[in-house]
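Grab the structure below and work through a few exercises with it. Try each task on your own before you read the solution.

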Amino acid sequence: MHTRSTRTLFMLMTMATASMSILAQNASEAMIDLSCATIVADAHNTVKPKTVAMLQEEIASRTGLWLAVSDIPLDSRTPTIILGVKGDVPGGKATPPEGLAIPGKPEGFAIWTDTSNMEAPKVYLMGNDARGTLFAVGRLLRLLTMRQGELTLSSATRIATAPTYEFRGHQMGYRNTANTYDLWNIRQYEQYIRDMVIFGTNSVELIQEGDPYVRDTRLLAMSQWSMNLRIAKLLDDYGLDVWLWYSLLSVVKDPKVYQAELDLREEFIQEMPRIDGIMIPGGDPGVNHPDDLMPWSGDFAKLLHKRFPNAGLYISNQKFGVEERDAFYGYINDKQPKWLAGVAYGPGSEDTVKVQRERTPSQYKIRRYPDITHNIRCQYPVPGWDGKHAQSLDREGVNPRPAHSQLVHNAWDEYANGFVSYSDGAHDDMNKMVWSSLAWDPNAGLDQILVDYGRVFFGEDLGPEVAKGLTMLEDNMKGFLLTNEGIDAALVQWRKIGRLGGPELENNWRYQMYLFRALFDAYIRARLIAETEYEREAYLALSRAGDAGVKQAIEDSRAALARADNKRIRPELRAEIEELGVKLFKLIGFQLSLDEPYLARNPERGALLDKVDIPLNDRLWLERQFEEVLAMTSQDEQLARLNLLVNWENPGPGGFYDDLGNTAKQPHLVRQTRYEEDPGFIYGPQESHFRSMDNKTKQLDNTLRYSWLDQCETVYYQPLLMHYSDLDPSAQYKVRVTYFGRYGNPMRLVADEKYEVHGANEAVRPPWPEEFDVPREATQDGQLDLAWHLVEGRGCQVAEVWLIKK
């Protein structure tokens, strides 16, 4: 949905002959002037009226030119854009030039020009089917040169293409969890659907969770049920697929519950105008064992197929344990149910999509359900992300990740029939367009996708600048926030785009959203630079406690940390962030805070205004430590604690310290896989980030150091490994460990694969380092391997490790 300032539409409804149909561009190529063209589409053929309207209106919104529409071929003096379907063409015939053919695959299309009559050139958009013509319109909008009063196309245009993958969709749930969709009206949904079509999207997945009257937030203008019926009708008008994400949250062992769940769904299905696919998540959420889920799903499929015989039912194995996963695949392989269309691969699946393909009979399709919307605590987290940036931009911050999207899509695309993504808002807009483009053609150039994104949504002449700006925002997530000077350069770039685009970008929500992100990053970094210095001064004050006295040292340390209260860093950036927050709420309903008027569901759902001022050093934790120190009755005990705080990372002579989760401070971590090979971190460690802000109260946890907020994590019983060399073979070592993470699962620690350092051990709350002796035999060769093994639960998580020479 691109919002632009109102333009005066040139009502060029006459059939006037273009004064100049061919504009010379260079010696080898000419540009066809289509500013006076007529769109020709037979009202009685298979081209959808919405397809014609999309072409006419999208051109008008970018050029101010309102092209006439006719259902019959025109005279030889009028430039025309002819829309048709193979075998059903206005005028009865459309012959592609030699060497070009309309692809025979579903959704395929061809675009070509005919300049044999220089006064009246023709542009042909021919689909293999009606949807192919729709995508031809989308591609044409990327090929046209469009400025105010200008509409041209290269005379050399020759394209014949069909999608590589069948499923190219995105989830758009009208619910409180979303950070934007729940405030949209049907007009905004339609515009956004058009925007996605331009980049090849062929389906939208709606979320249905309740009865006809449920609204899970007062922001909703109507019930989810009612809005879904409207969006489904809209999608059907465009000939696009309607998917439903329809979870089963009741235990269906009870026959009454079993039938009640079927009855509710039957009522909804009877009201829906179109359904092409339904995905039932086995878990996340889901509460039924496959032995119960699969028979119920079979009965559900019977109800579905009564009204929509060709609709496909897909089930995911998300959050299934080993036994449940085996039961799931066992059911499919043993019974091979005809009602099942395929299996969905989503977040929380404990194997790769390649393994899923291998374990699923070949007659069933595989639909990927990739999480393109989250940055942390998700299926594809930002690798090696700086902990301070992760805590502020958080899980659902504005996140254009084009290179990451390309990597994840192309890593396993051949094992599935396409995807319908997990999305919870417009903040991942760029990622949607990249995924759809690559599912059409995995070899598509990423640079060209980004340039087209800029041209289509920002303005004809801004494509390269927008592409650069998007790449810079992704680069903001790389390296260390403190030293990443590219963050300030990214803000300069987005201000440059604003200047070049002028007033047209004032109400362009995409520009305002990316500018917001650039401002946010620059402001956070400026604060981090200052607060890092305040913390350095605070620790320096504590180091003088032996001479100055405990109370004075703490007072001086508090004064250093309090400088963050006394001097606002870059207040002009902070004010602009607040202003843009209000603007984004008005433009697209972006819920950037839990407070009025935004009313976000919780802080991690894109509520960046609630995160923008969080402390970026350990002030809160230190204040708690000061209270504990001052409550101690022994001065020796007080000094010992302050010494521990000052020398926290010091392992002593011959020792080593790793802050796991901080890529700058984990030299002994062993990575079993490379990110490029395993972007979901199924077989190797990832940097994970704990949620420090309470999801309801916004309270920050003052029991946690930043070194505990990020951890190294392995999942699904993969061991977490560390390796040490150059140890003293004659020395005795001990390991000090801080166990912390959102799982809190019991783990065993083993040295050199055979010496148990400790048995099943659960993390203490609040966290604090624990010490364990390392068997001397493990270090006698001057090396040491440590391995944490999951006893039960989701994964291993370790925050800090000291190897200390005793």
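Here come the exercises, each with a worked solution.

This is a predicted model, so to speak of a local feature we ask for pLDDT of at least 70, and side-chain atom pairs count only at pLDDT 80 or more, while totals for chains, interfaces and linings use all residues. Residues are numbered from 1 along each chain as its sequence is written, and side-chain values use heavy atoms, with hydrogens and water left out.

**Exercise 1. Strand E6 and its partners**

Find which strands pair with E6, and work out whether E6 is enclosed.

Step 1. Start with the terms: helices (H or I, at least four residues) and strands (E, at least two) are DSSP runs, numbered from the N terminus. Two strands pair if DSSP finds at least two bridges between them.

Step 2. Look at E10. Strand E6 (residues 109-114) runs antiparallel to E10, with four bridges joining them. Across this pairing, Ile111 sits opposite Ile159, and Phe109 sits opposite Thr161.

Step 3. Now take E7 (residues 122-127): six bridges link this strand to E6, again in the antiparallel sense. Here Trp112 faces Tyr124.

Step 4. Check burial, where buried means under 20% relative accessible area, exposed over 50%, and partly exposed in between (1.4 Å probe, protein chains only). Five of the six residues of E6 are buried, so the strand is largely enclosed by the rest of the structure.

Step 5. Finish with the faces of E10 (residues 158-161). In a regular strand the side chains alternate between the two faces of the sheet. In E10 the covered face holds Ile159 and Thr161, and the uncovered one holds Arg158 and Ala160.

**Exercise 2. Pockets and a cavity**

Step 1. Set the rules. On a 1 Å grid over the protein atoms alone, a cavity is a set of points where a 1.4 Å probe fits but cannot get out; a pocket is an open set with protein on both sides within 12 Å along at least five of seven lines; lining residues have an atom within 4 Å of a point.

Step 2. Of its 14 lining residues, Leu620, Asp701, Leu704, Tyr706 and Leu709 lie nearest the centre. Helix H20 (619-631) and H22 are the elements that give two or more residues to this lining.

**Exercise 3. Cysteines and a buried asparagine**

How many disulfides does a search of the whole structure find? Then place Asn179 and name its side-chain partner.

Step 1. With a disulfide taken as a pair of cysteine sulfur atoms within 2.5 Å, the search finds zero.

Step 2. For Cys378, the nearest cysteine sulfur is that of Cys712, 16 Å away. Cys378 is buried, at 17% relative accessible area.

Step 3. For Cys796, the nearest cysteine sulfur is also that of Cys712, 11 Å away. Cys796 is buried too, at 0%.

Step 4. Asn179 lies in the loop between strand E11 (167-171) and helix H3 (186-198), and is buried with a relative accessible area of 0%.

Step 5. A polar contact is a pair of N or O atoms within 3.5 Å; within protein, one must be able to donate a hydrogen and the other to accept it, and residues adjacent in sequence count only if both atoms are side-chain atoms. The side chains of Asn179 and His427 make one at 3.0 Å.
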